[in-house]
Amino acid sequence: MILVLASASPARLATLRSAGLQPQVEVSGVDEDAVLAGAAERFGSLDPADAVLLLAQAKAQEVAERLESREDGTARPDLVLGCDSLLELDGMALGKPADAADAVARWKAMRGRSGVLHTGHWLVDLRPGAGGTLGATSSTTVHFADLSDAEIDAYVATGEPLAVAGAFTVDGLGGAFVEGIEGDHHTVVGISLPLLRHLLADVGVPLTDLWQPSAAGSGAEAGPGTGLGDASFTELRTARLVLRRFQEQDAATLAAYRSEPDVARYQGWDTPFTQEQAATFIAALHDAHPGTPGEWFQIAVCSAEDGRHLGDVAVHTDATDPGLARVGVTFAPEAQGHGYATEALTALLDHLFGVRGVRRVVADCDVRNTASAALLERVGFRHEALHRAASWWKGEWTDEHVYALLAHEWPERRRADRADLSESG
């Protein structure tokens with residue numbers, strides 16, 4: 001039975017995996033502010049407990065509708081679960097802080113007090129003949145420590161409170177600042193396992209039917225932020241693309257576009273790039289996994305419509321810090337100018353931030369590579385540095401732009417301006 005988690009939260013995914021479940025992840029494209037504004041216009045102000053349920057429903061249904069409309073031959077999921085969390089303090093619903101100053105102000109208001117963390121859950125049953133859709137909210141009281149100003153500043157400086165509802169975690173650095181809870185602690189992490197069990201039972205699915213022993217325990221096979229390599233990785237899908245592991249039949253197309261002088265100009269290989277080199281390269285990836293410390297992993301990008309191999313995206317995981325990744329993008333000349341690079345890089349970032357739990361993603365490019373710089377800025381990277389004569393590259397010293405993106409910036413970017421897939425990339 002296939003369960004899809006309609007959430008980019010690495011904490012929710014880790015909680016499900018530790019409970020023996022191995023869901024697929026499909027990040028929703030719901031505009032949360034628009035959903036809440038529309039509900040307020042129709043029904044008036046919402047209680048925080050109702051707001052999270054409404055958002056969880058919107059996320060689950062958007063992903064369910066998207067998956068049902070696919071006609072690419074992939075296995076149809078059985079269940080889609082959406083979740084959303086808010087902290088209620090003084091009757092106000094608090095999501096993720098807008099910025100560091102907002103997080104500091106939040107903590108100064110929260111310290112030494114108690115709030116209620118609400119997590120909405122919505123389950124959509126896609127099994128033939130079922131058609132069930134239902135949800136509920138789990139609420140847990142959280143008692144916060146009386147932090148000093150210095151502790152608040154230090155915590156906010158880590159970036160963790162900027163990426164989570166209520167500006168705190170109970171399963172991370174913020175756990176030291178939570179002195180007690182009343183209710184299900186899983187709710188505070190972002191998904192209540194007892195409530196999920198009840199929702200599944202209501203549609204006739206025992207939670208134990210979803211157990212997959214390889215997903216339970218420490219998550220050593222794969223998991224967000226473990227840095228041990230994701231052996232379970234198979235593919236990512238978007239509206240037009242499939243991002244999958246390289247296969248032997250890709251050698252010809254890989255050799256062809258890597259042999260193009262304009263493609264190879266700012267890359268680390270020389271032309272011509274032979275089919276034998278391509279086959280050797282692909283064979284080396286056979287037993288490799290994304291997320292392995294100190295290694296690059298190349299992912300083939302193909303057309304979802306006809307399977308054409310269009311290019312690739314690459315990700316490198318830092319040797320000592322699994323929360324730090326570096327990315328690269330290469331596309332065949334004929335595949336450029338159609339928005340494929342934007343779409344593929346967006347999907348990869350969704351995966352890195354939402355599934356792998358990466359904290360920071362970096363990309364660099366030669367200053368003359370204006371197309372790559374434009375792609376990075378279009379997707380949402382910040383320009384952090386210009387390194388003069390930084391690399392000896394194909395017989396000359398070159399200048400490089402350095403771009404970066406933090407995990408807490410990515411959801412904001414996605415809400416504010418979803419990548420325009422019609423743009424060239």
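Is Leu-81 buried or exposed? Leu-81 counts as buried, because its relative accessibility is 0% (buried means under 20% relative accessible area, exposed over 50%, partly exposed in between, with a 1.4 Å probe and protein chains only). Keep in mind that this is a predicted model, where local features need pLDDT of at least 70, side-chain atom pairs count only at pLDDT 80 or more, and totals for chains, interfaces and linings use all residues. Residues are numbered from 1 along each chain as its sequence is written, and side-chain values use heavy atoms, with hydrogens and water left out.

**Leu-81 and what surrounds it**

- You'll find Leu-81 in strand 3, which covers residues 79-89 (helices, H or I with at least four residues, and strands, E with at least two, are DSSP runs numbered from the N terminus).
- Skip the neighbours within four places in sequence, and Leu-81 is still in contact with Leu-3, Val-4, Leu-5, Ala-6, Ala-60, His-121, Trp-122, Leu-123, Ile-191 and Leu-196 (contact means heavy atoms within 4.5 Å).
- Ala-100 is 19 residues from Leu-81 in sequence, and the two C-alpha atoms sit 31 Å apart in space.

**Helix 2 against helix 3**

- Helix 2 (residues 32-43) and helix 3 (residues 48-68) have axes that come within 10 Å and cross at roughly 125 degrees (axes are lines fitted to C-alpha atoms, for helices over the stretch in contact, and angles run from 0 to 180 degrees between N-to-C directions).
- That angle makes helix 2 oblique to helix 3 (under 35 degrees counts as roughly parallel, over 145 as roughly antiparallel, 65 to 115 as roughly perpendicular, and the rest as oblique).
- On the helix 2 side, the contact uses Glu-32, Val-35, Leu-36 and Ala-39, while helix 3 brings Ala-51, Leu-54, Leu-55, Ala-58 and Lys-59.
- Sorted by class, this contact has 7 nonpolar, no polar and 2 charged residues (Ala, Val, Leu, Ile, Met, Phe, Trp, Tyr, Cys and Pro count as nonpolar, Asp, Glu, Lys and Arg as charged, and the others, Gly among them, as polar).
- Here's a handy rule for reading such lists: an α-helix has 3.6 residues a turn, so residues three or four places apart point the same way.

**Helix 4 against helix 5**

- Helix 4 (residues 100-110) packs on helix 5 (residues 149-157) at an angle of about 140 degrees, with the axes 10 Å apart.
- That makes helix 4 oblique to helix 5, and their crossing is right-handed.
- Ala-100, Ala-103, Val-104, Trp-107 and Lys-108 of helix 4 meet Asp-149, Ile-152, Asp-153, Tyr-155 and Val-156 of helix 5.
- By class, that gives 7 nonpolar, no polar and 3 charged residues.
- Asp-153 belongs to helix 5 and counts as partly exposed, because its relative accessibility is 42%.
- Asp-153 and Trp-107 are 46 residues apart along the chain, yet their C-alpha atoms are separated by 9.4 Å.

**Helix 11 against helix 12**

- Helix 11 (residues 340-354) and helix 12 (residues 370-379) pack at about 50 degrees, with axes 10 Å apart.
- Helix 11 is therefore oblique to helix 12, and the crossing is right-handed.

**Aromatic rings**

- The structure holds 8 aromatic pairs (rings of Phe, Tyr and Trp, using its six-membered ring, pair if their centres lie within 6.5 Å; planes under 30 degrees apart count as stacked, over 60 as edge-to-face and the rest as tilted).
- One of them is Phe-144 with Phe-168, an edge-to-face pair at 5.0 Å centre to centre and 85 degrees between the planes.
- This pair links distant parts of the chain, 24 residues apart: Phe-144 is in strand 6 (residues 133-144), and Phe-168 is in the loop between helix 5 and strand 7 (178-182).
- Both Phe-144 and Phe-168 are buried.
- Trp-107, Phe-144, Tyr-155, Phe-168 and Phe-177 form one aromatic cluster.

- In helix 8 (residues 251-258), the buried residues are Ala-251, Leu-254, Ala-255, Tyr-257 and Arg-258.
- Their cover includes helix 10 (275-285) and strand 11 (309-317).
- His-408 sits in the loop between strand 15 (396-406) and helix 13 (409-416), and is buried with a relative accessible area of 16%.
- Not counting residues up to four places away in sequence, His-408 touches Gly-159, Leu-162 and Ala-163.

Notes. A crossing is left-handed if the near helix is turned anticlockwise from the far one by less than a right angle, and right-handed if clockwise.
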